[in-house]
Every structure is written in structure tokens, then in C-alpha cells.
Amino acid sequence: MMLDLTETADGRTFDHPWQAHAFSLTVQLYKDGRFAWEDWVRIFSAEIEAAPALPGESINDAYYRQWVRALEVLISQLGFAPRDQLAARAEEWRRAYRNTPHGHPILLANAVCAPSGTHYQAPLRAPIAVSAGTR
Amino acid sequence: MSHDHDHTDPPADIELRVKALESVLAEKGLIDTGALDELIDIYENKIGPRNGARVVAKAWTDPDYKQRLLSDATAAIKELGFSGVQGEDMVVVENTPDVHNMIVCTLCSCYPWPTLGLPPAWFKSAPYRSRVVIDPRGVLKEFGISLSDEKEVRVWDSSAELRYLVLPERPAGTDGWHEDRLVDLVTRDSMIGVGFPKSSADLHQQAGA
């Protein structure tokens, strides 16, 4: 297999902001002494071995896909958050996007309830429903 | 669709997973999201092979420094103010007329961040990681480098514990050059061992271009 010597288009370190975030999350935890780098390398290299690059996947996309999975494993092994909590949170974010009107900031709270304004109604100043009594 | 403005299309799954990690860790007080942006800025814009180039240029001009660099690279690099994550334990290997050194991380992508920045994509790729061990001369050819058969090629495997940096040979025709000028000759690839420093002629061409 020939080497792919292509550098990222504009010489930037990351192809996408999520890659930068996954990277810096890991580095911040490490700098705060939350884990030993050997442990990271053990988990990360096992993930690289287990989930190699897919056909057509760029080097950075494959690398950071492996990185993110390894970070999830590390976080759960450290007891910070189990994998199912992380998966549930990802789904919450998905709902938050769907509930947020285009152009508005995506807030996690929107997962449960769309932001006010999207279903804004003028105050009624009257009961919204009345069930007539028999008297 | 009539509801185009009522929602935002969710991004790719992996981006949602990263947001999940970030928000869960932030809630637990394990990370500080402001500091995250600072770290990203540092690794995107402030740390790079220019630091390593300074180390090399100093070693080329200051024999005492070179000695310190080859005997205790971590301390010698720190003298210039470069230290931190993935630079905790450094070893510098010197190229000579008889020996060419090159660096790999066969397991993942261990790399001396404080001196070289984050690794280029190919360094992280499976073909490089596996092939450099089996056929280092073939890999070098793909980088456009052919070495004489007489030259020994040594491949060094960086790991979680320690990372290597290649001290390339000083280009000919640079006698008497000041350190600051030599820095411009030192390329990232020459410090990984898959390239050579620029020649003085390259530099003149660049200036003229």
C-alpha cells in the first residue's frame, strides 16, 4: 500500500472542530492528572487495531473516530460516565438540534422543550379551556 | 418541507458524541470549556515544528548545547522553553554520514508535541506505521529520498514513555551562518527523518520566488 502523503488542505491541524474538541478534552484531562498517558495509549492503540480506517475514510477522520471511541472507553473506565450515559446524552443533543429553530444557539435544554419564541403565543388573559359546570 | 426554519439539522453522529463527552464532563466539573478553546488555539496556532527547528539550529551552532541535547534531550529542550504534554521524556538521535535515523510510533501516534506540534496525517496512518518497520528504505523513497546502500538506517519507535527527535545533518555551505538563519532550513520532515533540511540554495530560491 502506498503512503498517502497529502497534508490537510490549508495546513491546519484539525479537519473539523469536533476533532479539535475531542483532542483538547483529552489533553485537558491529562494535564489535570486524571489519567496516565500510558493508559491512554493502551486504550487508543487497541481501538486503532480493532477499528482500522474504512475505505474512502480520510486519515484524520479515521484517526479521530478511533480517538473519540477511545476517549469514551477511557471516561467510562475512569468511572466518570458510563458508555450508556454518553450515548443517551448524544441522543439528547440530537433532539436539541431538531427542536432548535435554524440560526438559534443549540442548547441542551432544547432537547426537552423547544425554546420559547418558537411556539410563542400572545397572552390570552382568559382560560385556555373551560369545562362548563352543571349549575 | 414546510418546517425548514423550525429545526436545525443535527450534525454527524460523531460530532454529537463529542458534544456528549464535553457536556457530561463539564457538568461533573472535570473540564473547563473556556480552557478547551485556549488549548485548541495553542495546538492549532502556537505549537509547531518551529520549536524543534530552534533546537536543531542551536545544536548546529553550539557544540556544548549539542552535547547536552544528545545526553539529556528533555533538559536541553527545556532550556529553550519547550516542554509539556508528550515532551516529558525526549531522546534526540543524530544523523551522521554513516547513519540515518527515522521515527515512527508503531502503536498509535506518539510524537513530540512541544517541539514538532501535532503529527501530520500520514504519521498516524496504518501504512506508515507498519511499513516503516518492514521497509524503511522503501518508505523513504516515497518521500523522495534515496540513501546510499552503505548508509545504515535506524528506525526508532516512539511510545507513551518516550519520544524521539532526529537531529539532521547541517547542510553544506552554511558555515558561519547565524542560528536564526539556520532555523529556516530545518523542516519538520527532517526532524522525523523522512526528509532533509533545506539547502542554502533552496532558501535563496524561496526568497526570490
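B:Asp41 is partly exposed, at 29% relative accessibility. Its side chain meets that of B:Lys46 in a salt bridge, 2.7 Å from N to O, and B:Lys46 is exposed, at 54%. Bear in mind that this is a predicted model.

Next, B:Arg50 and B:Asp184, which form a salt bridge with the closest N and O atoms 3.0 Å apart. B:Arg50 sits in helix 3 of chain B and B:Asp184 in the loop between helix 10 and helix 11, so the pair ties together parts that are 134 residues apart in sequence. B:Arg50 is partly exposed at 47%, and B:Asp184 is partly exposed at 31%.

Salt bridges with shared partners also join A:Arg69, A:Glu72 and B:Arg17 into one network. Is A:Glu72 buried or exposed? A:Glu72 is buried, at 4% relative accessibility, while A:Arg69 is partly exposed at 28%.

Over all chains there are 19 salt bridges. Three cross the interface of chain A and chain B. B:Asp13 forms a salt bridge with A:Arg94, at 3.0 Å between the closest N and O atoms.

Now the interface as a whole. Here 56 residues of chain A contact 59 of chain B. The buried area is about 5400 Å², with 67% from carbon and sulfur atoms. The count of residue pairs in polar contact is 17. On the chain A side, helix 1 gives the most, with 12 residues. That side divides into 32 nonpolar, 11 polar and 13 charged residues.

Terms used: Residues are numbered from 1 along each chain as its sequence is written. Chains are lettered from A and ligands numbered from 1 in the order in which they are written. This is a predicted model: local features need pLDDT of at least 70, side-chain atom pairs count only at pLDDT 80 or more; totals for chains, interfaces and linings use all residues. Side-chain values use heavy atoms; hydrogens and water are left out. Contact means heavy atoms within 4.5 Å. Buried area is the accessible area (1.4 Å probe) that two parts lose on being put together, summed over both. A salt bridge is a side-chain nitrogen of Lys or Arg within 4 Å of a carboxyl oxygen of Asp or Glu. A polar contact is a pair of N or O atoms within 3.5 Å; within protein, one must be able to donate a hydrogen and the other to accept it, and residues adjacent in sequence count only if both atoms are side-chain atoms. Helices (H or I, at least four residues) and strands (E, at least two) are DSSP runs, numbered from the N terminus. Ala, Val, Leu, Ile, Met, Phe, Trp, Tyr, Cys and Pro count as nonpolar, Asp, Glu, Lys and Arg as charged, and the others, Gly among them, as polar. Buried means under 20% relative accessible area, exposed over 50%, partly exposed in between (1.4 Å probe, protein chains only).
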